[in-house]
Structures are given as structure tokens and as C-alpha cells.
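Subject: Structure handover

Hello,

Here is the structure we talked about, with its sequence.

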Amino acid sequence: MRPPSTVKTISSYYVAFSSFLLLFVAFLMILYLGICAQNIKSQYSLCRLKETKQTLERTKLALKLELNRLSSLERIESIAKKELGMSHPPNRLIIDLRNPSVLQASMEETLAMNDGSLDNGAEEDIAE
Amino acid sequence: MIGWKKKVRKRLIDVFYILLLLFCILAYRLVSLQIFQNETYKDKAEQQHKGTVSLPALRGSIMDRKYITLANSMALSSVAADPTQIKDRKKTALLLSQVLGISEELLESKITIPTTFVWIERKIEDEKAKKIEDLKLDGVFLLKESTGKRFYPKGELASHILGCTGIDDQGLDGIEAVMDNYLKGKPGEMSAEMDRDGRIIPGGVSSIISAIQGYSVVLTIDESVQYIVENSLEKAVKAYGADSGSVLVMDAKTGEILALANKPDYKSTDPKSPNYMQLTRNSCVCDSYEPGSTFKVILAAAALDSGKVKLDDQIQCGNTIQAGGWTLHNANDGFGGNPTENITDILAYSFNTGSVAIGLKMGSKIFYDYIEKFGFGQLTGIELPGETEGILLPLNDWTEINLATISFGQGIAVTPLQIVSAVQGAINQGEQMKPRIIKQILDSEGNIVKDFKPEVKSRPISSETSYQINMILRNVIERGTGTKAKIPGYLTGGKSGTANIVENGVYAQGKYIASFIGYVPAEDPKFVMLVKIKNPKGTIWGGSVAGPIFSEIGREILWRLGIPPSFPNEINKLGATPQKNE
């Protein structure tokens, strides 16, 4: 038979160990639950990000569509004529760079034709 | 005291047995639910939590040769309702009407139908969808569609080529219909567990079938060329008070269609008009007409290539000629014919009599063979719906009068595409290319899935004959019936045509088709273009009506494509060019 003091020591040891074990298990469980909760939260935010991505992609597509509509030649011509009062140039001047002598002659001839001035609204185009 | 203890003990034993019985019942129920009825309840639970989400597959885009988008799709939501869940129908109809812009009466009639599902409006804009969501109406809900809505950012540009789609984004006409198998995507599906707000529970995805996005189709047409053509044609049809008009521009080397336009089109035609379908047909491929004198190009090519006629041969001409018991005349266009003319002058001044003489000299068999070689009476195989092969009488049915009239382009019906393709072959060193309007097919990432290369369709004539034809057709512009088609600064070749219109099997009195087919620059042709004006008022001659249109469109296309002129001074000397703005 053990002496009373030894029994007391062993039983308090068991109590302490059991308490620690319980606390440890509780901690592990809380940790596990915390991780699970965090995981679910992350996955929800991932879902939200995916939705945002989809929305942004749709917006991008809508903007592309709008860009295409705005760059329509019909619209540009209409704005140029009606809002900006632009018109097709009356003259077109072609300078042929392939042949220097022709170029010189062409320039002189054109200058003579346009009263010595090139600044008469002529559209200059260079043929290469 | 003992009795009391016994009593308590007995009661405790009774309670124990009752609890044991209850426990056994619970245990039995538990076993029954968890083991024996496991599948049934599992299915029921899944039905409550699980749902399928449609993964939209967008239809591919249609682009021009420079990858400018002409048509594309966007995924949109639709509004539907469960009329049995709607409490206040009048209020619901009023609120929906304010957002959707649909009449209240129509909406009310829809939500009064005794059913559990009814479409209110398909594929609405995101803004409207958001407003409807905010209204939180009982029995009204938004659904994400598995297909998108089609948009045409350039408006009606190239509408005859592009065609249209239906409400489910399926191709109905034009390229949309012909290339539907490539353009349409395949919607996917995902089944997953969802929470009460319809969100997917993380990790709850049980199966997923990915959506396959539609391929994009790249056309051979050029947006800027198409725009020039459509604008000029619309003005011309109005200016001449014509019934309709068509212009077709083809790359002279590759057979690629650069522009194709018909007026009136979808934009200028009232959908309620009884002739809506007829007026919005793609005339360039679906309608045949008698080409008139433009067909003399084929006659000359056949005569020279067969060796039956030489460039300097003098051929019977004059103002009348007898064939098959009929007396045939020249057109009354102010050009009188000498008793004999060479083939160059016969084409330059478009003498019908000389053409008949050439036809008779060549004979039916040879002429027919060349007509077939050039592809008349056959489909060209262009990737557009409703193509017709025209009308070419079988050789056995040809009499002398048929040979004579076909020699100047009457008694045969061709499509604008056929005649453009034939002239392309005649001036491209005898190499006739297969007409094409599809350039490439791209996947959703922009990778090339299929690349369509130029393809030689046939070699109806030799390169020598082609050169001779080119020289003859330059003369038409320089000094013949096509002077008004001349494009300053460029060598141009072409042929005018004026033909009677056939209505109900007979030639309509006073109704003509004025046309001009030409190419430029003649020394190295870049494109072939046909201008066809149906029933112009005032002047009727192809050279006078279609010629100037050819010149105007041709000049603008050359500038836009950056093709340098052969004679720049010719342009500089012109000084002020006519203003295009009205």
C-alpha cells in the first residue's frame, strides 16, 4: 500500500495531465475550426474575385464594343462634316519621289498652277 | 421509511426503462435514416442544395481583313417571371414598363398567363438588369443566358455580307449563317452545391463541363473600301432615281472580295415593305441579270484565244447585221459603225453588229466552251448564302439567234460575282482565281485555326490573250464608250454595258441596267470593280451612268489603299477636284 502523500501526488499529476490533454485537444479543435473557417472565407472571397473578374471582362468587352462603334467611319465623317465643318480638300498634290527630275518639274509646275503658293488647302500625297 | 425507498427505486427503474425504450426508438430511427433510407434522403438533400449553372459560350466575332471588328457578342441577362408568385400585377407591370420601355398592357398580359414561367424580355442591357434587380419584385427574376446578344458596332456597314442572327444568337443570313458552325460556341455547365443566396459553396463543385467559345471569322473585305463603296453607291442610286444598285470590288490577283454592296439595304428599307425580302437580297450573288455589252469582254477573249480572230482582222460591222432571220442593230448611243472594224474598235465603241459577226465567225461550240471555262452557268463557291448559277442555255438549245444575242450579252444571265470573276481571269494573265470572302478563322485566343489561301480556279485563256484583252479594254476608256470611267493619273481598263431588264419573261419597255466593269491600274491591276445600276432615270447608258461612279469609287479606293498614280501630273493639273460633300 502506497503512502497517502504518494497517492496525492499521483492523482494531482493525473488531474494536471488530463486537464492539459483536454485543453490541448480543445486548442487543436479550435485551431482546426479556425483553419476551416478561414479556408471557407478565403474560398468565398475567391468566388467574389472570380465574379469581379467576370464583371470586369464584360466591362472590357462592352468598352471594346463602344470603341468600335465610336471608331466607325460613318460617325467620324459625320462629326468632321457637321460639327467641325470639315470638307474634302479641293486639290490633291502628288509629288513623285521616284524620279528627282520629275519631282522638281512637278513642284515647279504645281507652284505655278497654284500662284506660287502651296498653302491653298491642297492635300499633299507622296507617291513612293 | 423502507417503503418510501422501495417506491423511489421502483420509479427510478421505470424511468430507466422508459428512457431505454426511447433511446431504442431513437437508435432504430437513426439506423433507419442513416442506413436503410440513406440514398433517398441524400438525393433529397442534394436536390435542395445542388444546382446547375450554365457557363455561357459567346459567339465569335466577324472582322475585316485588318482585324477591325464588324460583329461581336456579349453575354446578357434576361428577365423572366413566375406569374403565380406575383401579388400586385398592375404595379409589377408599371415598374417593369418604366425600366424596360415596353407597354404596360403587354407586360400585364404576359404576367397574367396561368403558368409558372414566362419570358418578359430577353437579353437586356446590364443597366436595365441592375435596375430590375434593385426593384426586388416578387415573382420576377433575372436569368443569365447561355448565349450572348449580337452587336454590329459599324451599324449597317456590310449588312449584306454579315447577315444577321436570331434571338438565341444563331446565324440566320449572310456570313452569320454560312459560318455558323465556326462562330457559335458550345455552352458549358457546372453542377455545384449552393447556399440560400444561390452562391456556390466553396468546394461544392461536383462536375464541370467547360464552355467552348466560338471561333472568329476574318473576312477579306476592307472596312474603308466597303465604306467608300456603300456611300458612293447610295448617293448614285438616289442621284439617278434608280431602283437599285450593286458594286463589287475584287482583288485582281487573289480573287478576294474587298467590298460588296447593294442598295437599298437593310438600313434604307422599311421592314414592313411588301418587297422587304426582295430588296434586302444580296444581289451580287443571289440575282442574275443580262450583262449586256460587258459580256463582250468574254466574247473577245474567246475569239482571240481560239485564234478565230486576230487583233488586226477587219470584221463585218455596219449598223445592222442579219442572224437567224433577224435584223440586229447597234445601240443608239451615238457611235456609228464603219462597214468593217477591228476587234479593238468593236469593243471600244461597243458595236453589237461587229460582236455578232465575231460570234458567228467563232461558232456556238467554241464560244460556249469559253463561257463555261470562265465559270458562267456554275456556282463560284463563294462563302455566301443563296448563290445562283445564272442562266446559260445548254449548247444543244443554241440557235443562230442565241449565238448572236449572247455575243453582245443578251440571252444569257449572270451574277455580278460571275462577271467580275471572269474579267479578273481575263486580265490576270489568264489565271482566274476562286472568289473568296473568308480570309482566316481564329480561335478565342486569336490563334489561326484555318488560313484560306488564294486558289487558282481555272486558266480559261493564255497570258498572251490576257495581255491583248488588257490593251483592248484600255482603249475603251481612252477613246470609246468608257471615257467617263477614266481615273485621272491611272491607266484604267474596262467595258460599259447597257442591257434590257427582263420582267415576267419579257423585256420591260424603257427599263435598263447600266453597268461598268473595270480594273486599275491597267499595267498592274490591283482590283476589278463592277458598278451596276438598275433602271436609272434620264440617261441609261452604262458608260454615262455607271462609268462616273466607277471613276469616283476607284479614285477613292486607290487613295485609301495607297496605290501611287502612274501619271501624278494628270492629277495635279486637274486642280480643284469635284467636292464630294453634300
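Predicted model: local features only at pLDDT ≥ 70, side-chain atom pairs only at ≥ 80, totals over all residues.

Chain A

Chain A has 3 helices and 2 strands. Along the sequence they come in the order α-α-β-α-β. The chain has 128 residues, and 12% of them count as buried. If you take the contacts in chain A with a separation of 6 or more, 59% of them are between residues 24 or more positions apart.

There is a nonpolar patch on the surface, whose residues include A:Tyr13, A:Phe17, A:Leu21, A:Phe27 and A:Ile35. Together, the residues of the patch have about 1,200 Å² of accessible area. To look at one of them, find A:Phe27 in helix 1 of chain A, which covers residues 4-70. Its relative accessibility is 48%, so A:Phe27 counts as partly exposed.

A charged patch on chain B

B:Glu39, B:Asp43, B:Glu46 and B:Glu193 form a patch of negative charge on the surface. Helix 2 of chain B (residues 38-49) gives the largest share of this patch, with 3 residues. B:Glu46 is located in helix 2, and B:Glu46 counts as partly exposed because its relative accessible area is 34%.

Salt bridges

Over all chains, the structure holds 30 salt bridges. One of them joins B:Glu176 to B:Arg59, with 3.0 Å between the closest N and O atoms. This pair links distant parts of the chain, 117 residues apart: B:Glu176 lies in helix 7 (residues 174-178), and B:Arg59 in the loop between strand 1 (50-55) and strand 2 (62-63). B:Glu176 and B:Arg59 are both buried. They also belong to a network of salt bridges that includes B:Arg150 and B:Asp180.

Another salt bridge connects the side chains of B:Glu230 and B:Lys263, at 3.8 Å from N to O. Here too distant parts of the chain are linked, with B:Glu230 in helix 9 (residues 223-239) and B:Lys263 in strand 12 (residues 257-263), 33 residues apart. Both of these residues are buried.

Backbone details in chain B

The peptide bond from B:Lys263 to B:Pro264 is cis, with omega near 0 degrees. B:Pro264 sits in the loop between strand 12 and helix 10 (276-279). The bond from B:Val520 to B:Pro521 is also cis, with omega near -15 degrees. You will find B:Pro521 in the loop between strand 22 (506-520) and strand 23 (527-534).

Positive phi values turn up in residues other than glycine. For B:Lys136, phi is near 50 degrees. B:Lys136 is in the loop between helix 5 (126-135) and strand 5 (140-151), and it counts as exposed because its relative accessible area is 71%. For B:Ala158, phi is near 60 degrees. B:Ala158 is in the loop between strand 5 and helix 6 (159-162), and with a relative accessible area of 1% it counts as buried.

Regards

Definitions and conventions:
Residues numbered from 1 in each chain as written. Chains lettered and ligands numbered in written order. Heavy atoms only, no water. Patch = residues over 30% accessible without salt bridge, like charges linked within 9 Å, V, L, I, M, F, W, Y side chains within 5 Å. Areas by Shrake-Rupley, 256 points an atom, 1.4 Å probe, with all protein chains shown as cover. Salt bridge = Lys/Arg side-chain N within 4 Å of Asp/Glu carboxyl O. Helix = DSSP H or I, 4+ residues; strand = E, 2+ residues; numbered from the N terminus. Buried < 20%, exposed > 50% of the residue type's maximum accessible area, 1.4 Å probe, protein only. Lys, Arg positive; Asp, Glu negative; His and termini not counted. Charge placed at Lys NZ, Arg CZ, Asp CG, Glu CD. Contact = heavy atoms within 4.5 Å.
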